[in-house]
Amino acid sequence: MPRVQRAGLNGLEEYFREQLLEESASHPNEETRWYLGNLLGRFSRNDALFSYQDGDLGIRPLALLYGDAQECAHERERCLLLRQLGDQALFLGALFPEHYARKGIQRDYFVGMGGGAYDYLASHALELRHVFAELADSFAQMLELVARICRRYRQYSATEIMALYQRWRQTRNPALANQLKAMGVALDSRQH
């Protein structure tokens with residue numbers, strides 16, 4: 001089995017690996033934690049997340065990445081694009097759910113796009129198939145795990161907390177309820 005590249009670690013990647021281990025010792029497995037630590041460390045740099053298109057710097061939409069992957073004539077290129085799609089869906093869905101929810105893009109979109117991309121890679125990638133299989137099988141849980149780790153030390157404004165509360169009231173999403181409770185917001189038991 002190929003191993004996740006461990007050379008050239010930076011402090012941020014190691015920090016994320018430690019947080020993943022601390023948050024959930026049994027899941028994901030060690031190699032998946034290494035993969036996620038690398039992913040989070042990589043996306044902490046703008047050049048890994050943003051790209052230039054038509055003279056503008058931005059994040060390529062997941063649907064366009066999916067379309068690009070479908071049009072690929074070569075399997076290797078398709079796998080590279082789907083890996084980017086899965087990684088980006090996990091990162092954006094975990095760290096910026098409120099931003100995308102305001103645009104009408106819900107958690108299920110990230111789960112479907114990312115989980116589907118990783119599922120394809122679990123069968124077609126040249127390496128790390130077992131890592132991609134774990135990410136595909138538990139994408140929603142991985143999304144929540146990464147979100148918990150990344151928002152642990154974030155300070156929210158009163159406006160952000162109220163917006164989150166309003167979204168929870170509309171959707172009754174248990175992940176939003178857990179996020180609010182972690183911020184110290186007491187939810188009425190009748191509102192669950």
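Visitor: Which residues do ring pairs link into a cluster?

Guide: Ring pairs link Tyr 35, Tyr 118, Phe 132 and Phe 139 into a cluster. Rings of Phe, Tyr and Trp (its six-membered ring) are said to pair if their centres lie within 6.5 Å, and planes under 30 degrees apart count as stacked, over 60 as edge-to-face and the rest as tilted. This is a predicted model, in which local features need pLDDT of at least 70 and side-chain atom pairs count only at pLDDT 80 or more, while totals for chains, interfaces and linings use all residues. Residues are numbered from 1 along each chain as its sequence is written, and side-chain values use heavy atoms, with hydrogens and water left out.

Visitor: What makes the pair of Tyr 100 and Phe 110 edge-to-face?

Guide: The structure holds nine aromatic pairs. In the pair of Tyr 100 and Phe 110 the ring centres are 5.3 Å apart, which is within the 6.5 Å limit, and the planes stand at 75 degrees, which is over 60, so the pair is edge-to-face. Tyr 100 lies in helix α6 (residues 97-102) and Phe 110 in helix α7, so the pair ties together parts that are 10 residues apart in sequence. Tyr 109 and Phe 110 also form an edge-to-face pair, with 5.8 Å from centre to centre and 75 degrees between the planes.

Visitor: Which residues have the most contacts inside the largest nonpolar core?

Guide: A nonpolar core is a set of buried Ala, Val, Leu, Ile, Met, Phe, Trp, Tyr and Cys residues joined through side-chain atoms within 4.5 Å. The largest one has 41 residues, and those with the most contacts inside it are Tyr 35, Leu 39, Leu 90, Tyr 118, Phe 132 and Leu 135. Among the elements that give two or more residues to this core are α1 (11-23), α2 (30-43) and α4 (62-71), while α5 gives the most, with nine residues. Leaving aside its neighbours within four places in sequence, Leu 39 is in contact (heavy atoms within 4.5 Å) with Asp 87, Leu 90, Phe 91 and Tyr 118. A second, separate core of seven residues includes Leu 164, Tyr 165, Trp 168 and Leu 176.

Visitor: How do you know that the buried residues of α10 line one face of the helix?

Guide: The buried residues of α10 are Leu 164, Tyr 165, Arg 167 and Trp 168. Seen down the axis of α10, these residues fall within an arc of 160 degrees, so they line one face of the helix; the arc is that of the directions from the helix axis to the C-beta atoms. On the other side of α10, Ala 158, Thr 159 and Gln 170 are exposed.

Visitor: What span should α9 have at 1.5 Å a residue?

Guide: The expected span of a helix is 1.5 Å times one less than its number of residues. The 13 residues of α9 should therefore span 18 Å, and its end C-alpha atoms are 18 Å apart, which agrees. Helix α10 (residues 158-171) has 14 residues and reaches 20 Å from its first C-alpha to its last, close to the 20 Å expected.

Visitor: What is the phi of Leu 128, and where is this residue found?

Guide: The phi of Leu 128 is near 60 degrees, a positive value in a residue other than glycine. Most residues other than glycine have a negative phi. Leu 128 is found in the loop between α7 (107-124) and α8 (129-137), and with a relative accessible area of 4%, which is under 20%, this residue is buried.

Technical notes
Helix = DSSP H or I, 4+ residues; strand = E, 2+ residues; numbered from the N terminus. Buried < 20%, exposed > 50% of the residue type's maximum accessible area, 1.4 Å probe, protein only.
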